[in-house]
Amino acid sequence: MNGCTRKRLLIIPFFLRNRGCRHRCVFCNERIIAGNAPPVTEDFMRQTVSACLAGRGGRYDRREIAFYGGSFTGMPRDEMQDLLDMASALIAQGAVHSIRVSTRPDDIDEARIRILASKGVSAVEIGAQSMDDGVLRKSERGHTTEDVRRAVRLCRDRGLETGLHLMAGLPGESRLSFEASVAETIRIAPDTVRIHPVIVFRDTQLARLYEQGEYRPLSLEDAVTWCKTALARLTRARIAVIRLGLQATEEMEREGSILAGPWHPAFRSLVESELFRDMALELLEKSGADSSGNVFHVAPADLSSFNGPGGRNRALLQSRLGGRPVAARPDPAVPRGALQLRDGRNEYGTSIAEAAARV
Ligand code: SF4
């Protein structure tokens with residue numbers, strides 16, 4: 001099942017490759033990003049949802065059908081209505097609870113939001129990509145940052161959950177400009193954010209710019225650093241970052257699909273590992289790095305981020321402890337994103353949200 005989960009929420013995605021797109025943004029190759037997504041017919045949707053319910057999907061409190069790819073509200077109205085009717089029939093049967101769609105900010109207006117709300121849509125994910133008008137122009141997005149603000153306002157006024165998509169490393173984007181986009185996102189306060197570092201896919205305008213030496217992608221190291229700051233700041237602002245990095249598809253793994261860029265199939269875990277490394281070093285410093293009996297406590301789901309890729313974080317911590325092994329205990333009492341260090345007498349704690357003050 002190709003679904004993503006959040007707080008007992010199961011998202012069942014259907015990809016509408018480039019449907020509703022009026023033009024092609026410089027970085028976009030949905031053939032690679034969406035993989036071999038089949039056409040979304042009524043039968044396909046029913047079968048996918050049934051298979052999901054027969055598997056682990058039945059265990060979730062909420063199940064949502066998501067229409068991703070393209071620009072949902074940019075499609076002709078009858079196509080949009082047909083898809084919403086198929087999905088809302090499954091809501092009526094109790095198979096799913098709601099619908100989410102992703103769309104462009106300039107394809108949102110009162111009339112279209114009314115249709116969405118009347119058919120059971122509860123969340124709208126808006127492709128902002130950047131909150132810098134110069135960067136949007138260079139990426140040939142065809143909308144402005146004001147369109148993003150207006151779209152979020154309209155959706156929120158209708159009681160819809162809002163999500164923003166951001167990218168890191170767009171043409172003309174500096175770290176400062178990316179951080180300003182994150183700051184503006186925090187000001188707009190959507191419910192959720194997704195961030196994807198820009199990857200140079202074949203058959204895109206960006207690929208041509210890259211080959212002509214007019215675009216240089218971020219290194220993986222820089223992409224992790226930029227996104228680490230963003231994750232910490234958004235977490236502190238209580239905005240859920242529901243995805244960092246693109247989901248791997250078979251097409252992405254195919255030779256020649258990716259020309260350049262900070263591609264990693266587990267990008268989020270790289271970012272979180274760096275944050276946990278920084279947090280662990282900070283706690284060691286607070287406690288006195290050579291005190292004996294140090295035991296880190298971490299939420300079980302964060303243990304691999306604490307350890308780092310290939311145990312890299314643990315090796316670094318061990319060297320800071322003069323070669324003594326690092327004790328780490330998965331502890332269900334510790335919240336996700338938090339880290340505690342206990343040395344027998346004292347307890348020190350920090351979290352990803354607190355890390356925002358230092359990154
Ligand atoms: S609007 Fe989205 S799906 Fe359409 S071309 Fe641009 S990035 Fe691709």
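Let's start in the middle of the protein: the largest nonpolar core has 80 residues, and Phe67, Phe72 and Phe296 touch the most other members. By a nonpolar core I mean a set of buried Ala, Val, Leu, Ile, Met, Phe, Trp, Tyr and Cys residues joined through side-chain atoms within 4.5 Å. Buried stands for under 20% relative accessible area, exposed for over 50%, and partly exposed for in between, with a 1.4 Å probe and protein chains only.

Before I go on, a word on what you are looking at. This is a predicted model, so local features need pLDDT of at least 70 and side-chain atom pairs count only at pLDDT 80 or more, while totals for chains, interfaces and linings use all residues. Residues are numbered from 1 along each chain as its sequence is written, and side-chain values use heavy atoms, with hydrogens and water left out.

Now find Phe296 on your screen. Leaving aside residues up to four places away in sequence, Phe296 touches a list of residues including Ala280, Leu283, Leu284, Phe306, Leu317 and Val326. Arg329 and Gln340 are also among the residues that Phe296 touches. Contact here means heavy atoms within 4.5 Å.

Let's stay with helix α11 for a moment. Of its 21 residues, 15 are buried, so α11 is largely enclosed by the rest of the structure. What about its length? At 1.5 Å a residue, α11 should span 30 Å, and its end C-alpha atoms are 31 Å apart, which agrees. The expected span, by the way, is 1.5 Å times one less than the number of residues in the helix. After α11 comes Gly288, which has a positive phi, near 95°.

Zooming out to the domains: the C-alpha centres of domain 1 and domain 2 lie 33 Å apart. How many residues does each domain bring to the contact? Domain 1 brings six residues and domain 2 brings eight residues.

On to charges. Side chains of opposite charge can pair when their charged atoms come close. The rule for a salt bridge is a side-chain nitrogen of Lys or Arg within 4 Å of a carboxyl oxygen of Asp or Glu, and by that rule this model has 30 salt bridges. One of them joins Arg19 and Glu79, at 3.1 Å from N to O. Arg19 lies in the loop between β2 (9–15) and α1 (30–33), and Glu79 in helix α3 (residues 77–92), so the pair ties together parts that are 60 residues apart in sequence. Both ends are partly exposed: Arg19 has a relative accessible area of 30%, and Glu79 comes in at 28%.

Cys25 is buried, at 9% relative accessibility. For Cys155, the nearest cysteine sulfur is that of Cys21, 17 Å away, and Cys155 is itself buried, with a relative accessible area of 1%.

Gln129 is not a glycine, yet its phi is positive, about 70°; Gln129 belongs to strand β5 (residues 121–129) and is buried at 9% relative accessibility. Glu140 is not a glycine either and has a positive phi of about 50°. You'll find Glu140 in the loop between α5 (133–138) and α6 (145–157), where Glu140 is partly exposed at 40% relative accessibility. Thanks, everyone!

Methods. Helix = DSSP H or I, 4+ residues; strand = E, 2+ residues; numbered from the N terminus. Disulfide = S-S within 2.5 Å. Domains from an automatic or database assignment.
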